[in-house]
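This briefing concerns the aromatic side chains of one protein structure and the charged groups placed over their rings. Please consult the sequence and the structure shown here alongside the points that follow.

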Amino acid sequence: MTPFNHAILEQTRHRPWPMPDTPWLMTQTWNDLLFAHWPVDALALRDHVPAGFEIDLFDGQAWIAVVPFHMTNVAPRGVPALPWISAFPELNVRTYVRVNGRPGVYFFSLDASNAVAVGIARTCVHLPYFRATMKVGEKDGWIAYESHRASGSADFTARYRATGPAASPRPGTLEHFLTERYCLFTVNKARRTRTVDIHHPPWSLQPAEAVITVNTMPDASGVRLPPIAPLLHFSKRQDMVAWGLRSESS
């Protein structure tokens with residue numbers, strides 16, 4: 001397991017707002033990540049996003065993403081990463097929202113193979129995590145990814161790879177809008193807004209290609225994808241830290 005890169009904490013000039021003045025609580029490293037984005041009608045998302053969240057648009061267009069990757073260095077601050085609990089695949093379905101003017105991410109679902117992580121995240125962070133059986137491997141430069149949710153019919157099978165050089169997205173571009181996000185929003189059982197702030201370096205994105213043979217992930221959340229090819233980007237590695245859950249109004 002490659003150690004976490006704590007030098008990212010010194011890279012802050014790219015952030016849209018300062019890092020929180022409280023201590024961060026957790027590290028994660030995201031590996032072999034694919035952003036697969038589809039344009040969708042904002043009205044199609046409205047019933048599936050909390051009423052207080054403004055759907056964030058780029059040139060009038062809403063977007064939804066399916067994001068497969070695998071994590072390492074998942075550990076609380078000051079605790080060493082352990083191979084049998086700190087590394088596991090994850091698969092997200094997400095869109096983009098604004099709350100009190102701040103842009104962030106809203107997750108329709110997060111699937112993971114680690115039952116402990118799923119339980120903690122559902123209970124403590126109010127995120128819609130699900131237990132899944134997942135397999136990730138690499139062969140001839142392709143990442144082979146397979147996920148089957150333990151309950152219901154939410155499945156994803158694909159292979160993908162980078163096809164060009166890496167670069168950080170320029171401010172004002174669609175790629176920057178879709179990826180450079182530094183908080184996520186959720187709601188608790190009382191439907192009150194909660195926020196998790198995160199920090200990472202600027203994304204290093206590569207153009208990508210993918211062969212997606214099964215993808216019922218958005219359907220499981222009630223969202224239908226358009227019958228077009230997705231916009232694809234690959235990132236080999238991204239280190240991040242996260243803060244604790246807080247009330248957005250505080």
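The model is predicted. A pair of aromatic rings is described by the distance of the centres and the angle of the planes.

**Phenylalanine 35 and tryptophan 203**
- Phenylalanine 35 and tryptophan 203 form an edge-to-face pair, with 5.0 Å centre to centre and 75° between the planes.
- The two residues are 168 residues apart, so that distant parts of the chain are linked: phenylalanine 35 belongs to strand β1 (residues 26–40), and tryptophan 203 to the loop between β10 (193–199) and β11 (206–215).
- Phenylalanine 35 and tryptophan 203 are both buried.
- Ring pairs join Phe35 and Trp203 with Trp30 and Phe69 in a cluster.

**Phenylalanine 53 and tyrosine 106**
- The pair of phenylalanine 53 and tyrosine 106 is edge-to-face because the ring planes stand at 75°, with the centres 5.8 Å apart; the cut-off for this class is over 60 degrees.
- Phenylalanine 53 is in the loop between α1 (42–46) and β2 (54–55), and tyrosine 106 is in strand β5 (residues 102–112), so the pair ties together parts 53 residues apart in sequence.
- Both phenylalanine 53 and tyrosine 106 are buried.

**Charges over rings**
- Arginine 77 places its charged end over the ring of tryptophan 24, 4.4 Å from the ring centre.
- Over the face of phenylalanine 177 lies arginine 181, at 4.5 Å from the ring centre.

Note on methods
Residues numbered from 1 in each chain as written. Predicted model: local features only at pLDDT ≥ 70, side-chain atom pairs only at ≥ 80, totals over all residues. Heavy atoms only, no water. Phe/Tyr/Trp six-rings, centres within 6.5 Å; stacked < 30°, edge-to-face > 60°. Helix = DSSP H or I, 4+ residues; strand = E, 2+ residues; numbered from the N terminus. Buried < 20%, exposed > 50% of the residue type's maximum accessible area, 1.4 Å probe, protein only. Lys NZ or Arg CZ within 6 Å of the ring centre and 35° of its normal.
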